[in-house]
Amino acid sequence: MRKFLTISASLLALALAGAWGISTATQAPARDLTIGDPPVPVAEAPGVDSKDPLVLRGQYLARAGDCIACHTAAGGKPFAGGLPMASPIGTIYSTNITPDKQSGIGSYTLQDFDNAVRHGIAKEGHTLYPAMPYTSYAYVKPDDVKALYAYFMQGVAPVAQANRGTDISWPLSMRWPLSFWRRMFAPTPVADNTPVDQGDKIAVGRYLVTGLGHCSTCHTPRGVALQEKAGTDADGPAFLSGAVLEGWLARNLRGDKADGLGAWSEQDIVELLKTGRNAHGAAVGSMSDVVQHSTQYMSDRDLQAMAAYLKTLPPLKPDAAAQAYVDTDAKAMFEGTTKDVGALLFVDNCAACHRTSGKGYEGVFPALAQNPTLSTQDPSSVVHIILQGAEMPSTQTAPTHFAMPGFADRLTDTEVAQVASFVRKTWGNQGPAVSAEQVRDMRKEIKAAAAPVR
């Protein structure tokens, strides 16, 4: 039976290979959708030596799409590819999307580029791995694809750097099964070029969140074929309801008061996207990269539109009560009367920064009290951050850089579970307890340091 299940799983993986990834000039319209006023420069990439409004618009759209984050390896040239992206079947490396004619996309026509970006089909005809989020980019309007094409062809420096093959073993490395996955789950790219009404903030936000922002790629749970359960708000309540990837919980972005954005104002959302932090918490893991490379450079108008749209998404659990602050454990810790082992571990290891009140120091050390991430059913993020620590992004508007150290080599699995369970039930938080087994599994998944021997 074990052999049968192994063979069956392998055949299923072959049929769905590449379905996982939590990880190619015309005149500009009179009034574009998303370009900043004035255009926001791309910090990590060379400046654009062009006054062509289409190229400048494409630069901004590439930033909104966070292209540089995936297509630039650590220490590498911008957009030259080579970034490794782990998947259950092996490692995939991002491709060179500079206009180099031999190793990049310099020989691509606009149609070739559109086929890759929105259809998921390479110039050579094979289907791209969905680590390239073409299932979201399918909602990007053709005129915006033209602007992106103009930017990559005229505003990006060509880099001669050969693409690296995947580290996926045969037969899972065969590409043909991807075409079936694409036909089953990829939406038909939009053909409508009607400008989104700039006065309709919700419509602008929907366009950015659903398309270039590709928020669903991380924040929507996946089905048995590893497809997103919903690609837009019209597809049902699974859209942006939260999912786990890379050992982090990409949180619920719907209107739930306990574990979603129900208690956040539009300005709270804008502040997180622009600075990487707000009164409710801070961006960590993959979201830190999104802020670092993408959203901090977007115009306030577009961030406000995204926030306004997200606030329209109804909660999954409309009857769930909002978190109310409870100070019982805070007083016990402050007075030294607590007997809770998790509380004692918190005092020894965490209270100096996050305070016994759990309120932290705004803009410096995130609040744990009434933090929606701590009230989720899945404890992945809190366990991950205790084990390995995390860093806030350093942004133009909040350049100070703060980091939390990891405690993997200081706390045992049981102790991590105890302190994680404590912060998830204290100050009004509503998260369930964490087990030592969950910590052990996370320690193995993220390759954290071995637990100390007591």
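**Reading the features**

Guide: Strands β1 and β2 form a hairpin with two residues between them. Helices (H or I, at least four residues) and strands (E, at least two) are DSSP runs, numbered from the N terminus, and two strands pair if DSSP finds at least two bridges between them. This is a predicted model, in which local features need pLDDT of at least 70 and side-chain atom pairs count only at pLDDT 80 or more, while totals for chains, interfaces and linings use all residues. Residues are numbered from 1 along each chain as its sequence is written, and side-chain values use heavy atoms, leaving out hydrogens and water.

Visitor: How many bridges join β1 to β2?

Guide: Four bridges join β1 to β2 (residues 90-93), and the two strands run antiparallel. Met-85, for instance, has Ile-92 as its bridge partner in β2.

Visitor: Which residues of β1 are on its covered face, and which on its uncovered one?

Guide: In a regular strand the side chains alternate between the two faces of the sheet. In β1 (residues 84-87), Met-85 and Ser-87 make up the covered face, Pro-84 and Ala-86 the uncovered one.

Visitor: Which residues of α14 are buried?

Guide: Buried means under 20% relative accessible area, exposed over 50%, and partly exposed in between (1.4 Å probe, protein chains only). In α14 the buried residues are Gly-342, Ala-343, Leu-345, Phe-346 and Asn-349. They lie on the same side of α14, because they cover an arc of only 160° around the axis; the arc is that of the directions from the helix axis to the C-beta atoms.

Visitor: What do the buried residues of α14 pack against?

Guide: They pack against α13 (328-335), α15 and α17 (413-425). Contact here means heavy atoms within 4.5 Å.

Visitor: How is a pair of aromatic rings described?

Guide: The description uses the distance of the centres and the angle of the planes. Rings of Phe, Tyr and Trp (its six-membered ring) pair if their centres lie within 6.5 Å; planes under 30 degrees apart count as stacked, over 60 as edge-to-face and the rest as tilted. By this rule the count comes to twelve aromatic pairs. The rings of Phe-346 and Phe-422 have centres 5.9 Å apart and planes at 50°, so this pair is tilted. Because Phe-346 lies in helix α14 and Phe-422 in helix α17, the pair ties together parts that are 76 residues apart in sequence.

Visitor: Are Phe-346 and Phe-422 buried or exposed?

Guide: Both Phe-346 and Phe-422 are buried.
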